[in-house]
Amino acid sequence: MTIEDVRIPRFARTPAGYRGYDAAEVDAFCERIAEAFRGRTMLTAAQIREHEFASAAFGLGGYDRDEVDDYLDHACVDLEYARRGDTPHPGPERLSPRDVQRLRFSAPPAGRDGYAAAEVDNFLDVVAAALAHAGPTGLSSQDARAIDFGPAEPGGAAYYADEVDAFLDVVVRTLAEQERTHAAS
């Protein structure tokens, strides 16, 4: 995300009969994200993932939920890069084998279960290998979409499920793009 991208994005409105996210609430939160990127406030990727928006009032439509959620997924990844002082590589999916190898998930919040860290770590190795391979790989976007991590054992190493799930969305989009590119060539 560049400083230009940090400005409040424009999201599509939901069609009549559907309730999207409350637009004013989304705009205010996007402004907080922009302030975090500018270094004027502290906001973590976990705080972004945990934030819930109210539904728009009936008849107002609100913002398209999928568009807002996609924006927030990208904001989390880019905010993590900014926090570490790294620059993400160019490209719409911005996910490389190196990104996957350096990725660290947070522990689940107190009182919440998380995914078994060993299972997630093994999957990250498979994802990194798939992204490093040109052409079709052993991991498809459908495989990534269907992955189901088990819960961590009590006292065992665990990752925050919401962060892992959001990352899985990015993996699915990246692999789907790889599949489309390979099919077109």
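Modeller: Let us start with Asp162, which counts as partly exposed because its relative accessibility is 27%, where buried means under 20% relative accessible area, exposed over 50% and partly exposed in between, with a 1.4 Å probe and protein chains only. This is a predicted model, in which local features need pLDDT of at least 70 and side-chain atom pairs count only at pLDDT 80 or more, while totals for chains, interfaces and linings use all residues. Residues are numbered from 1 along each chain as its sequence is written, and side-chain values use heavy atoms, with hydrogens and water left out.

Asp162 forms a salt bridge with Arg112, with 3.6 Å between the closest N and O atoms; the term asks for a side-chain nitrogen of Lys or Arg within 4 Å of a carboxyl oxygen of Asp or Glu. This pair links distant parts of the chain, since Asp162 lies in helix H8 and Arg112 in the loop between H5 and S1, 50 residues apart. Helices (H or I, at least four residues) and strands (E, at least two) are DSSP runs, numbered from the N terminus. Arg112 is also partly exposed, at 44% relative accessibility.

Glu163, likewise in helix H8 (residues 161–184), is buried, with a relative accessible area of 7%. Its side chain makes a polar contact of 2.8 Å with that of Ser106, a term for N or O atoms within 3.5 Å, of which, within protein, one must be able to donate a hydrogen and the other to accept it, residues adjacent in sequence counting only if both atoms are side-chain atoms. Beyond its neighbours within four places in sequence, Glu163 is in contact (heavy atoms within 4.5 Å) with Ala46, Arg49, Phe105 and Ser106.

Phe105 and Phe167 have ring centres 5.8 Å apart and planes at 70°, so they are edge-to-face. Here Phe167 belongs to helix H8, whereas Phe105 is in the loop between helix H5 (97–102) and strand S1 (115–116), 62 residues away. Both Phe105 and Phe167 are buried.

Further along, Glu177 and Arg180 form a salt bridge at 2.9 Å, and, being three residues apart in helix H8, they are separated by about one helical turn.

How values were computed. Phe/Tyr/Trp six-rings, centres within 6.5 Å; stacked < 30°, edge-to-face > 60°.
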